[in-house]
Amino acid sequence: MENKKKRIMLIVPMLDQGGLERVCATTAQLLKKEYCVSLVVFNTTGMIYDVSGVDMIDLKLGAVDGKIKKAVNVLRRVKRVKQLKKQFNIQLSYSFGPTANLVNVLSKQKDFTWAGIRGYGALKNKVAMKFVCRLADRVISCTRIMEQQISKQFQPKRSATVYNPCDIEQIRELSNQQTPEAFDAFFAQRGKLIVSMGREHDVKGFWHLIKVVFLIRKHLPETRLMIIGAGEYSAYKALARQLGMEDAVLFTGVQSNPFALLKKADVYALTSESEGFPNALIEAMTVGIPCVSANCLTGPAEILHEQYEQCMDDSRTFHADYGILTGIFLGEKNMDAHQFTDEERCFAAELEALLKDEQQYQKYCQAALERAEAFGMERYLCRIRGLIETDLADETIGR
């Protein structure tokens with residue numbers, strides 16, 4: 001019976017922390033029940049995601065420095081993946097992220113190739129995008145806005161949007177667990193708690209968020225901020241210290257269970273310059289936290305409003321169906337504790353108003369819980385399964 005199952009290959013650079021890595025690991029776990037799944041990883045160093053029960057192959061070809069070495073590394077990966085596709089008689093291969101997509105399309109055998117675009121940053125490399133879209137049999141985007149833009153700019157053979165999956169039941173279960181004792185003193189403080197999640201990277205715009213909380217504290221002086229994610233955050237800690245709110249900002253670092261921390265918060269804030277599909281926004285909504293988000297590309301508008309096309313003006317504020325969207329943040333990174341932008345003031349005003357207005361707050365708490373259901377595991381699996389069956393059926397007919 002086993003050999004009658006369709007043979008799927010998933011390709012990802014690593015399985016350490018990150019959105020596309022999590023989606024790949026989840027996809028492997030969901031598909032293994034119905035398909036023969038082979039998971040190819042360029043390098044398993046730092047792997048944190050559970051892929052137990054999945055046939056995983058570590059190429060041991062991690063990232064290298066230097067243009068020549070990088071080019072050689074790509075060729076070695078392509079050669080090895082091509083061998084594996086032939087060895088396992090792979091029928092469909094699905095890659096996650098730019099480097100994996102390149103290897104996938106260059107190693108094509110008889111397989112139907114899917115190139116997964118998980119972040120908006122990939123579209124900036126137009127040469128690579130044109131190449132991948134020309135060779136891939138289907139391009140999978142994580143938002144409809146991204147799919148529309150890719151279709152317009154790069155004309156892939158086929159395209160589709162597949163929203164990232166969220167294990168609602170597990171997240172809610174984990175959110176009820178104890179938080180680390182090291183944070184007890186912080187949580188014991190009075191006042192509203194704003195939270196955000198993400199690694200230490202400029203694209204997340206965390207300096208905006210620290211300044212926003214400073215502005216809110218002028219009227220709600222006990223307001224605090226928690227940032228969950230990897231990084232030293234030394235420059236951000238210095239900014240908080242300069243603003244006189246060092247004790248009001250908690251940097252938790254990477255947490256095996258961030259959901260228990262999330263549930264301690266009153267509101268989730270997203271200040272990113274860009275996103276692929278902000279999983280953390282969905283995860284916060286899953287535990288009933290209302291959200292205020294910059295209307296960046298891509299994801300927040302689609303998540304927070306049914307008719308997301310109505311929210312295309314990224315300079316305006318929208319009190320959307322499931323949360324609040326504000327104008328995008330403009331300008332370069334600015335760690336000056338004495339300078340505040342109009343966008344930061346606007347974001348602060350919306351957050352403050354939400355924290356003060358109990359009726360609106362409760363409305364968005366309930367809306368968050370309802371919206372999270374649209375991104376559950378079963379919906380994701382149905383979408384992926386439908387595309388697999390359609391493409392492999394068409395491939396068979398084509399032959």
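Ten of the twelve residues of helix H8 are buried, so H8 is largely enclosed by the rest of the structure. This is a predicted model.

**Helix H8**
- H8 spans residues 206-217.
- From its first C-alpha to its last, H8 reaches 17 Å. That is close to the 16 Å expected at 1.5 Å a residue.
- The buried residues are Phe206, Trp207, His208, Leu209, Ile210, Lys211, Val212, Val213, Leu215 and Ile216.

**Arg217**
- Arg217 lies in H8, but this residue is partly exposed.
- Its relative accessible area is 22%. Buried would mean under 20%, so Arg217 does not count as buried.
- Set aside the neighbours within four places in sequence. Arg217 is then in contact with Glu222, Thr223, Met245 and Ala248.
- Ala248 is 31 residues away from Arg217 in sequence. In space, the two are 9.9 Å apart, C-alpha to C-alpha.

- Seven strands form an open sheet with mixed pairing. Their order is S10-S9-S8-S11-S12-S14-S13.
- The edge strands are S10 and strand S13 (318-319). Each of them pairs on one side only.
- S8 and S11 pair in the parallel sense, over two bridges.
- Ile194 stands opposite Val267, which belongs to S11.
- H8 lies across S8, S9, S10 and S11. The helix runs at about 175° to S8.

**Helix H4**
- H4 covers residues 126-135, and its buried residues are Met129, Val132 and Cys133.
- Why do these residues sit on the same side of H4? They cover an arc of only 95° around the axis, which puts them on that same side.
- The face turned away from the buried side carries exposed residues. They are Val127, Lys130 and Arg134.
- What do the buried residues of H4 pack against? Their partners are helix H3 (98-106), strand S5 (112-117), strand S6 (138-141) and helix H5 (144-154).

Conventions: Residues numbered from 1 in each chain as written. Predicted model: local features only at pLDDT ≥ 70, side-chain atom pairs only at ≥ 80, totals over all residues. Heavy atoms only, no water. Buried < 20%, exposed > 50% of the residue type's maximum accessible area, 1.4 Å probe, protein only. Helix = DSSP H or I, 4+ residues; strand = E, 2+ residues; numbered from the N terminus. Arc of directions from axis to C-beta. Contact = heavy atoms within 4.5 Å. Expected span 1.5 Å × (residues − 1). Pairing = 2+ DSSP bridges. Axes fitted to C-alpha atoms, helices over the stretch in contact; angles between N-to-C directions.
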